[in-house]
Amino acid sequence: IFSFRSGSLSKPMLTQPLYEVAQKSGCMDQERCLTVIEQALQHQDSPVTAILDAKLVSEEQFLNQLSEFLEMPWWNDSEAQIPNEVRDSFPIKVAARHAILPMRNEHGELMIYTSDPFDLMAHQAVAQVIDEEVQWGIAPRGKILECLREGYGVGADTFEQILEGGGGSLTEEESSESVTILDEDDTEASIVRFVNQIIREALQQRATDIHIEPLDEDIRIRYRIDGVLNEIPVPPKIKLLRATLISRLKIMSNLDIAERRLPQDGRINLELEGQGIDVRVATIPSISGESVSLRLLRQEKFDFEKLGIDAEDERIIRELIALPNGILLITGPTGSGKSTSLYTFLSALNTKDRRIVTIEDPVEYKLGGVVQIAVKPEIKLTFASGLRSILRGDPNVIMVGEMRDFETAETAIRAALTGHLVFSTLHTNDAVGGITRLIDLGLEPYLVASSVRAFIAQRLVRVLCKSCRRPTKHSKEYLSKIGYEYQGSEIVYDAVGCPECRQTGFTGRTAIYEICHLSAKMQDLVTQNKPVGMLKSQALKEGMQTLRRAGFRKVARGMTTIEEVMRATMVEGEKEE
């Protein structure tokens, strides 16, 4: 290995050892493996990288075998972090450029981990910046990049180059682009590249929101992943570019960079791997400076399978959306997935023989073949006025973003009574609460009973990571207290955490539903303006499954945990009837 680093090892001498290591790692395609190694050496590329990129072997098994063959230390500490003194003395631009990880071993010696021990350029770069003796080891590429991100911060290599280059000012060209391509090959260090790295990292981690928040002497960046906020590591001196960072985001979203006293709203058009991504931007002035929030909206395909909906709930909902008229209301707090469900319902109804018109604030996703209107209060285009205009446009199906006031609700009910199918949302804790909310808006109970077909309450629960979930047991007293009906045969799982799920124990989210169908008996009770307790009791008698019980069905299927369901559902009524 050392003679190869100095350039004296011949290609045949390297080909056979790498081939044998690949075979020990489980490579089945022997002929292709030899071809990949020989072609890489012929073009003076890295044979190790070529084998891994060709996906001929498991990366971890191959690199582990390679470390044994070369008698180099193998990475075995999944929780290790770069020491501060190493981070401050070892340049991030060298570490990032060559994908190498500086650490200290138990003897205090400087360790450099690499996924390619034959990378001569990396050895030379380290020798130029470090005077002390260095020991080299081997680690998976993903772990190296993860530790660099945690130790130095997202985009730290670009950030350091910006500071070295004198500053991060925005050019005229950077200020006028209409669509930002996140994966465009941008080798020049600039504030544009730094911002793109922050957004690209968020998308790769499946984040739905990015929050850039000023602190007194610093700046904090957080991603919302699976509904939970996670603070991400940032370069230590990021406060030096705080104003430029926020200005860049304002320019991307066509906002006034000079206005720092008033909230502003805008949009950014992004592209990643050929896929369009719409970003809603909101700035909020605070005493420490401006805070910027970005909502990342990917162009998605909406279908029932993606919702993760139970077969019985899907059957009920499909029957409801097939009705010729009436109102279907989805209830729940902000961020509970109401819009995604509505778009799924509309996509299922989006056929050539139906005219679908929506009015939203704002339009989150674009649906082909659907007429979508954005609310604009500044020109008096509100939900109520827009809905009245829609009714003159001969629609079959109408979607109103939210029933916020009496005028909107009354117009929607009139639309339902005149033969239209109307979808909308309400902010209530449960399905039955939607009935009282409409009456509180000023609607007559008999109008609610005659026009609304069903109320659907919705929540999102995180889905367990299948790579690390483990069986767990709860006491019968606890299960009885929370209303979990244990059958004795199902396995209840708990979250653990592993590299695949970023140590959270969860990957993705799924929806749980509480469907309150307005039967004839329920309509009578609503018309008589009976209290919500009586309405809920009747709905439960008729088979309504509460949110918590719907969540427990997901627990029994091994999809989520009891704790996650308890977190997402109401605290009210620990013992449900």
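Me: Among contacts between residues at least 6 apart in sequence, what percentage join residues at least 24 apart?
Reply: That comes to 64% in this protein, where contact means heavy atoms within 4.5 Å. Please keep in mind that this is a predicted model, in which local features need pLDDT of at least 70 and side-chain atom pairs count only at pLDDT 80 or more, while totals for chains, interfaces and linings use all residues. Residues are numbered from 1 along each chain as its sequence is written, and side-chain values use heavy atoms, with hydrogens and water left out.

Me: Thanks! How many helices and strands are there?
Reply: The protein has 24 helices and 19 strands. Those are DSSP runs numbered from the N terminus, with helices being H or I of at least four residues and strands being E of at least two. The C-alpha atoms fill a box of roughly 90 × 65 × 50 Å along the principal axes.

Me: And what share of the residues counts as buried?
Reply: Of the 577 residues, 50% are buried. Buried means under 20% relative accessible area, exposed means over 50%, and partly exposed is in between, using a 1.4 Å probe and protein chains only.

Me: Which residues touch the most other members in the largest nonpolar core?
Reply: Those are Phe62, Leu66, Phe90, Ile100 and Leu101, in a core of 52 residues. A nonpolar core here is a set of buried Ala, Val, Leu, Ile, Met, Phe, Trp, Tyr and Cys residues joined through side-chain atoms within 4.5 Å. Another core, of 43 residues, lies apart from it, and Ile390, Val400, Ala431 and Ile435 are among its members.

Me: Back to Leu101, what does it contact?
Reply: Leaving aside neighbours within four places in sequence, Leu101 is in contact with Trp75, Ile82, Met111, Ile112, Tyr113, Ile144, Cys147 and Leu148.

Me: I spot a cysteine there. How many disulfides does the structure hold?
Reply: It holds 0 disulfides, with a disulfide taken as a pair of cysteine sulfur atoms within 2.5 Å.

Me: New topic: helix packing. At what angle do helix 14 and helix 15 pack?
Reply: Helix 14 (residues 311-321) and helix 15 (residues 338-349) pack at about 60°, and their axes are 11 Å apart. Axes are lines fitted to C-alpha atoms, for helices over the stretch in contact, and angles run from 0 to 180 degrees between N-to-C directions. The two helices are therefore oblique to each other; under 35 degrees counts as roughly parallel, over 145 as roughly antiparallel, 65 to 115 as roughly perpendicular and the rest as oblique.

Me: Which residues meet there?
Reply: Ile317, Arg318 and Ile321 of helix 14 meet Phe345, Ala348 and Leu349 of helix 15.

Me: How about helix 21 and helix 22, at what angle do they cross?
Reply: Their axes come within 10 Å and cross at roughly 180°, so helix 21 and helix 22 are roughly antiparallel. Lys521, Met522, Leu525 and Val526 in helix 21 meet Met534, Leu535, Gln538 and Ala539 in helix 22.

Me: Which residues of helix 22 are buried?
Reply: Leu535, Gln538, Ala539 and Leu540 are the buried ones in helix 22 (residues 532-541). They pack against helix 18 (433-440), strand 19 (506-517) and helix 21 (520-527). Just after helix 22, Gly543 has a positive phi of about 105°.

Me: One more spot. Where is Leu182?
Reply: Leu182 sits in the loop between strand 4 (179-181) and helix 11 (191-204). At 1% relative accessibility, Leu182 counts as buried. Leu182 and Leu270 are 88 residues apart in sequence, with their C-alpha atoms 6.8 Å apart in space.

Me: And Gly137, is that buried or exposed?
Reply: Gly137 is buried, with a relative accessible area of 0%, and is in strand 3 (residues 134-138). Not counting residues up to four places away in sequence, Gly137 touches Met72, Pro73, Met111, Ile112, Tyr113 and Thr114.
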